[in-house]
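Reader: Before we look at anything in detail, could you take me through how such features are to be read, one after another?
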Amino acid sequence: MSTITVESQPAGPLDTNCVIVHDGSEATVIDPGMGAAEFVAAVVERDGVTVTQVVLTHGHIDHVRGLPEVQSTYSVPSYMHPADQPWLTAEALSAMGPLGEMHDTASMETPAVPTPFADGDVLTMGGVEFTAHLMPGHSPGSVMFRAEEVNGAGLVLGGDVLFRGGVGRTTEP
């Protein structure tokens, strides 16, 4: 049985959950929304962990707004399903309209292109193997990550595939 720490904190104007998974040594940041870098820095300092990667459940701005800052602060790779990667281009970020204004994309650095992964790929987070499951609907590249046994139970990191008290959203492009 693997034991890991999973912490989350709402970030940005839509209170998007930024999640950190770590084993006391290596940490993975999942969905760093606007302002999430402060949360990441606090966990790194408090727990003495090293950020080794960023994993994105999908490409909506509320989940990726803090990506450039985390990438540059920790010099780490990021991973994302390729179906959502076009949303991280300078052109897409500058054409977001009111949602872009809400997330201040005008001052956002264009993130380094994440390494693509596919449905069924295994990513190691906090020393635990998580399988990526493509769940298009909320976005073309929405994924959830599933681990068989963590802290005595299964664990799903679902992004916006599932919402508390609901089934997620499929109303956004």
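Reader: Which residues does Val-54 touch, leaving out those up to four places away in sequence?

Author: Contact here means heavy atoms within 4.5 Å. On that basis, and not counting residues up to four places away in sequence, Val-54 touches Val-29, Pro-32, Leu-67, Val-70, Val-76, Pro-77, Ser-78 and Tyr-79. This is a predicted model, in which local features need pLDDT of at least 70 and side-chain atom pairs count only at pLDDT 80 or more, while totals for chains, interfaces and linings use all residues. Residues are numbered from 1 along each chain as its sequence is written, and side-chain values use heavy atoms, with hydrogens and water left out.

Reader: Which residues of the largest nonpolar core touch the most other members?

Author: A nonpolar core is a set of buried Ala, Val, Leu, Ile, Met, Phe, Trp, Tyr and Cys residues joined through side-chain atoms within 4.5 Å, where buried means under 20% relative accessible area, exposed over 50%, and partly exposed in between (1.4 Å probe, protein chains only). The largest such core has 23 residues, of which Cys-18, Ile-20, Val-29, Val-40, Val-54, Leu-56 and Val-64 touch the most other members. At least two residues of this core come from each of strand E2 (16-22), strand E3 (26-30), helix H1 (36-47), strand E4 (50-55), helix H2 (61-64) and helix H3 (67-74); helices (H or I, at least four residues) and strands (E, at least two) are DSSP runs, numbered from the N terminus. H1 supplies the largest share of the core, 5 residues. Another core, of 16 residues, lies apart from it and includes Val-21, Phe-145, Ala-147 and Val-150.

Reader: With which side chain does the side chain of His-60 make a polar contact?

Author: A polar contact is a pair of N or O atoms within 3.5 Å; within protein, one must be able to donate a hydrogen and the other to accept it, and residues adjacent in sequence count only if both atoms are side-chain atoms. The partner of the His-60 side chain is the side chain of His-58, at 3.3 Å. His-60 lies in the loop between E4 and H2 and is buried, with a relative accessible area of 8%.
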